[in-house]
Amino acid sequence: MSHQDFEIQQCQQCKFRLTNPRPDSSSIGNYYKSDQYVSHNDNSSGLINTAYRVVRKYTLRSKLQLINEVNKKPGHVLDIGCGTGAFLESCREGGWTILGMEPDSDARKMAVEKLKATIQPSLNDLVGMAVADIITLWHVLEHIPNLSETLDRLNQLLTPNGTLLIAVPNSESYDASYFKQYWAAYDVPRHLHHFTPTTITSLFKKHGFDLVDTKPMLFDAFYIAMLSTRYQTGKTDYLKSVRVGLSSNIEAKRTGNYSSLIYLFKKA
């Protein structure tokens, strides 16, 4: 949490939500330099971060199972915003040919050391490279400033029958409405955009993608609730986190508005 004030603005026509003001390219990196930003740090301490890594072991298996179901047999997988390389490591163990992109130099260094593979610093470095059967962005799209350019690049990098998997928080979820400005998945200013099922489907349609399926990320409701209670009071309320997380997932069974969703897109 940055302890600074930001607004979430919504377009009156398309309902797209974004952070304002947003940091420029020279200052945004400072908001990631924290031992609490666990996706860029394999050694962060504390109960919440420890729980994150325990759950991550399970979710990594689930993600690998998902791409195996989508593609039927291992092929080329490109992970955008690969962090320290945990997902790519699982993919390679599962027989996939891996390629990663990570803009943060510290996280990229850890990924290179772990994978002994080349991790590119930007999408520009992927132009002209072999296309991928699966492209994944696990809680990454909300961080990317130049959405239009990025989606066009992803369309170019994906094979004709390939699948694009996008995991993002859902700002129309029960836990988002419950915690309001304290909802941890707003994560301003690191999160520049705040998606809903309607707005993300419309956005990708404009860039040549059709939505073919969605999958819930059930654990996110609990993890986000833990962070949100800490943002509210300065102390994590674990019982409240479990209660809100359960309520969010139960409500989402009726509405489809899970705390976080995985969207599967194909080229139109």
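Me: Which helix is Leu239 found in?
Reply: Leu239 belongs to helix α8, which covers residues 238-255. Keep in mind that this is a predicted model.

Me: And is Leu239 buried or exposed?
Reply: Leu239 counts as exposed, because its relative accessibility is 72% and the cut-off for exposed is over 50%.

Me: How far apart are Leu239 and Met226 in space?
Reply: They are 9.1 Å apart, C-alpha to C-alpha. In sequence, 13 residues separate Leu239 and Met226.

Me: New topic, strands. What is the order in the open sheet of three strands?
Reply: The order is β1-β2-β8, and the pairing is antiparallel.

Me: Which are the edge strands?
Reply: β1 (7-10) and β8 (193-194) are the edge strands, since each of them pairs on one side only.

Me: How many bridges join β2 to β8?
Reply: Two bridges join them, with β2 covering residues 17-20 and the two strands running antiparallel.

Me: Which residue in β8 stands opposite Leu18?
Reply: That is His193.

Me: Now cysteines. Is Cys82 buried or exposed?
Reply: Cys82 is buried, because its relative accessible area is 7% and buried means under 20%.

Me: What about Cys91, buried or exposed?
Reply: Cys91 is buried too, with a relative accessible area of 0%.

Note on methods:
Residues numbered from 1 in each chain as written. Predicted model: local features only at pLDDT ≥ 70, side-chain atom pairs only at ≥ 80, totals over all residues. Heavy atoms only, no water. Buried < 20%, exposed > 50% of the residue type's maximum accessible area, 1.4 Å probe, protein only. Pairing = 2+ DSSP bridges. Helix = DSSP H or I, 4+ residues; strand = E, 2+ residues; numbered from the N terminus.
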